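Colleague: I have a structure to go through with you. Shall we take it one question at a time?

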Amino acid sequence: MIAPTAVRDRITDRWPWLVALIAAAAYMPAAWWGLPHATHRVTVRGWDVDGVAGINTLAEVHNLLVRSKPTWYVAYPLFHYLVVGAVSAPYLVWLKLTGGLGATAGTYPYGFRDPVAALAGLALIGRLVTLAMAVGAVVLVYLAARAVWDRPTAVLGAMGYALATPVVYYARTSNLDIPVMFWTAAALYGAALVLTRGADWRRLTWLGLTAALAVATKDQAYGALVPVLLYVLYRLYRDAGARGPLTAGRATAVLVGVGAIAFVVASGIPLWPGRFVAHLRYIAGFEHHFFNVLHPSVLTILRPPTTTGRLLLLRDAGRAVLDSVGPVIFLAGLIGIGLSWWRTPAGRIFVLAALGLILLAVVPIRHMQYRYAILPAGVLAVYAARAAVLGWGRGGLLRAVAAAGVIAGLGWEALRATDLTWQMLGDA
């Protein structure tokens, strides 16, 4: 059980509300950037390529619940389509009741009386879901860091993550990268609670559920969470009986059982198992499908399956993370990892998540995109915050260096975020 004082501390802690307000204020401007202007069937999608909103969501939900057609877009799991579809349902009902939606059709204008307004509205709903999850992820980063360390580390770490360039951009689109970060951050928070406060059934249920929902949102989450879950189980078995009321065996059963059930349901397997099989086939043939979408010599690169290719992938990942948080937070994050790895074993889950994502997800697909840097950027932001707090506590010159680092690191991110926002607001 959680002590009453701990409950009161959670309720009276105002810092999560503050970081949430700052994040929302940073993300809300330009959330309407690139919405679809559906005057023609070619323009029914917005500028955020691969977004899960608007007509894309309607097509997938219709295929799932009404009548399947050979137009499944099986590149991604189904769960977030269901989330956005559920949130969009009231708007569709309102359109139906007010005459804005007639008999539905599979071709433009799909039964909408005003497809321009309707599809823009649906896309904006999907964007707002992402924005809410972006703010939620900032709060979860705060909670996870506070569970492992302390409030100053949590505040600075959450702000460093919130202002990272890819976070600011993807918080305003309907891509899956922020939703998967939301569920991954929730799982990291659950892992932090298990390692610091004990393995009761509620924390294990939270961990298993959120980890499953992360993978059911976007497959790459498995790379981040498999090492974390294995580390949690290792600590439970190593410290048998010392980390909560459940035995290690029962804790494993709860974690695996909840995770497996949640994944099966969230992936839509009971509703349409064929879609899940098609998705697995897509992943297995990723290289073939990838080349059909993007020309590698122009837009992106698949590194060769060689030692040199893998080293280049690691370089690509490092460059993306460096650009995401800037040189100050990048360097301070590495220092923080070095200072805290042995001092705080529970904090290792963050490093394991970042390394797992790169080694188990990025390296096998031989491709690094900027948005894949969101999780590693958050990890470095948290550890940079830890380095700053430790330096501040030492006083003297180290305190001055820590203060200067916080100002320079967050200032660099804030300037980048402001510039990005300005460009999106003025983008024609």
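Colleague: Which residue forms a salt bridge with Asp177?

Modeller: This is a predicted model, and its distances are computed. A salt bridge needs a Lys or Arg nitrogen within 4 Å of a carboxyl oxygen of Asp or Glu. Here the closest N and O atoms are 2.8 Å apart. The partner of Asp177 is Lys218.

Colleague: How many residues apart are Asp177 and Lys218?

Modeller: Asp177 belongs to helix H8. Lys218 sits in the loop between helix H9 (201–217) and H10. The pair links distant parts of the chain, and the separation is 41 residues.

Colleague: Is Asp177 buried or exposed? And Lys218?

Modeller: The cut-off for buried is under 20% relative accessible area. Asp177 has 2%, so Asp177 is buried. Lys218 has 6%, so Lys218 too is buried.

Colleague: Which residues are linked with Asp177 in a network of salt bridges?

Modeller: Asp177 pairs with Lys218. The network also takes in an Arg. The residues linked with Asp177 are Lys218 and Arg371.

Colleague: What span does helix H8 reach from its first C-alpha to its last?

Modeller: H8 covers residues 177–197, which is 21 residues. At 1.5 Å a residue, 30 Å is expected. The model comes close to that, with a span of 30 Å.

Colleague: How many residues of H8 are buried?

Modeller: H8 has 21 residues. The helix is mostly covered. The buried count is 19.

Colleague: Which element gives the largest share of the lining of the largest cavity?

Modeller: The largest cavity has a volume of about 110 Å³. Its lining includes Asp177, Val180, Met181 and Thr184. Helix H10 (221–238) and helix H16 (374–394) are among the elements that give two or more residues. The largest share is four residues, and that share comes from H8.

Colleague: How many charged residues are in the lining of the largest cavity?

Modeller: Asp177 and Arg371 are among the lining residues. By class, the lining has eight nonpolar and two polar residues. The charged count is two.

Colleague: How many charged residues does the lining of the second largest cavity have?

Modeller: This cavity has a volume of about 80 Å³. Helix H5 (115–148), H8 and H16 each give two or more residues to the lining. The lining divides into 11 nonpolar residues and one polar.

Colleague: Which residue forms a salt bridge with Arg127?

Modeller: Arg127 lies in helix H5, and its partner in the loop between helix H2 (15–27) and helix H3 (54–65), so the pair ties together parts that are 79 residues apart in sequence. Both partners are buried. The closest N and O atoms are 3.1 Å apart. The partner is Asp48.

Colleague: Which residue forms a salt bridge with Arg275?

Modeller: Arg275 is in helix H12 (residues 273–284) and its partner in helix H3, 215 residues apart. Both partners are buried. The closest N and O atoms are 3.1 Å apart. The partner is Glu60.

Colleague: How many salt bridges does the structure hold?

Modeller: The Arg127 pair is one of them. The Arg275 pair is another. The structure's count is nine.

Methods:
Residues are numbered from 1 along each chain as its sequence is written. This is a predicted model: local features need pLDDT of at least 70, side-chain atom pairs count only at pLDDT 80 or more; totals for chains, interfaces and linings use all residues. Side-chain values use heavy atoms; hydrogens and water are left out. The expected span of a helix is 1.5 Å times one less than its number of residues. Buried means under 20% relative accessible area, exposed over 50%, partly exposed in between (1.4 Å probe, protein chains only). On a 1 Å grid over the protein atoms alone, a cavity is a set of points where a 1.4 Å probe fits but cannot get out, and a pocket is an open set with protein on both sides within 12 Å along at least five of seven lines; lining residues have an atom within 4 Å of a point. Grid points are joined across faces, edges and corners, and a volume is the space filled by probe spheres set on the points. Ala, Val, Leu, Ile, Met, Phe, Trp, Tyr, Cys and Pro count as nonpolar, Asp, Glu, Lys and Arg as charged, and the others, Gly among them, as polar. A salt bridge is a side-chain nitrogen of Lys or Arg within 4 Å of a carboxyl oxygen of Asp or Glu.
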